[in-house]
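The stops below are given in the order in which to select them.

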Amino acid sequence: MTKQERAMNTRHALIRSAAQAFDQFGYTRAKLAGISAGAGVSSGALHFHFDTKAAMAAAVESEAARTLHALTRHAHRKSPSPLQALIDSSHVIAQQLRWDVVVRAGFHLNCRTAHHSETNLRQEWLECVRHTLERSATHGQTPPQAVREELTAAVVGATAGFEALARHDRTWLSRHTLTGLWHTLLPQLATPKALAQLQPAGTESVIHATGPTADRPAAAHALRG
């Protein structure tokens with residue numbers, strides 16, 4: 001293993017350890033000593049990679065954002081229609097928030113911590129929903145009389161609410177729970193013809209491609225391709 005590879009492995013270990021600390025204790029209570037110990041490295045090695053706790057939080061956020069962006073791009077490429085892509089995106093994001101501590105901690109840091117971040121993941125989700133509903137209207141999937149801003153607000157509000165509730169009970173982000181949400185929302189979002197072709201439980205091939213059996217950084221890299 002080269003020196004560069006060892007440094008990269010150390011950085012990844014620190015990011016994951018930091019994510020676990022932020023997820024368990026919150027940003028304020030997480031300690032650098034605990035993060036370095038969790039990664040199995042010295043405090044000197046930690047400070048070589050990250051000057052401050054804020055820098056570590058930014059790295060966790062950045063890694064979470066990269067993974068989520070890759071997953072949603074994959075869903076939009078592989079899903080057969082815009083509305084199905086929206087359904088599939090919600091399922092794969094929820095899946096990662098449940099299973100991947102870096103994504104979960106990074107998302108929570110981005111949404112809740114006072115320090116400055118260049119990325120607003122909730123705003124990006126709102127824009128994704130809005131854009132996808134516009135595309136679905138262009139494809140004739142959404143009824144012409146539908147008010148897309150109201151539909152966007154309903155989807156974003158419901159999914160954001162599930163994410164907030166899942167901080168205390170992760171079953172709110174289960175596939176079963178999200179499927180129930182889409183069963184409720186889709187009659188308002190889709191024409192009868194489109195509704196008959198949609199899968200509220202998500203597209204199996206898309207969801208399984210982003211499952212927990214693969215290594216997260218490697219999986220995210222593969223999805224970007």
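A residue counts as buried when its relative accessible area is under 20%. The model shown here is predicted.

**First stop: Thr159.** Select Thr159, which sits in helix H8. Is Thr159 buried or exposed? Its relative accessible area is 12%, so Thr159 is buried. Now show the side chain and look for its polar atoms: one of them lies 2.8 Å from the backbone oxygen of Val155. Next, display Trp125 and Leu181; Thr159 touches both of these residues, with residues up to four places away in sequence not counted.

**Second stop: Pro143.** Move to the loop between helix H7 (121-138) and helix H8 (148-165), where Pro143 is placed. Pro143 has a relative accessible area of 16% and is therefore buried. Which residues is Pro143 in contact with, leaving aside neighbours within four places in sequence? Select Leu189, Ala190 and Thr191 to see them. To check one of these pairs, draw a distance between the C-alpha atoms of Pro143 and Thr191: they are 5.3 Å apart in space, although 48 residues separate them in sequence.

Technical notes:
Residues are numbered from 1 along each chain as its sequence is written. This is a predicted model: local features need pLDDT of at least 70, side-chain atom pairs count only at pLDDT 80 or more; totals for chains, interfaces and linings use all residues. Side-chain values use heavy atoms; hydrogens and water are left out. Helices (H or I, at least four residues) and strands (E, at least two) are DSSP runs, numbered from the N terminus. Buried means under 20% relative accessible area, exposed over 50%, partly exposed in between (1.4 Å probe, protein chains only). Contact means heavy atoms within 4.5 Å. A polar contact is a pair of N or O atoms within 3.5 Å; within protein, one must be able to donate a hydrogen and the other to accept it, and residues adjacent in sequence count only if both atoms are side-chain atoms.
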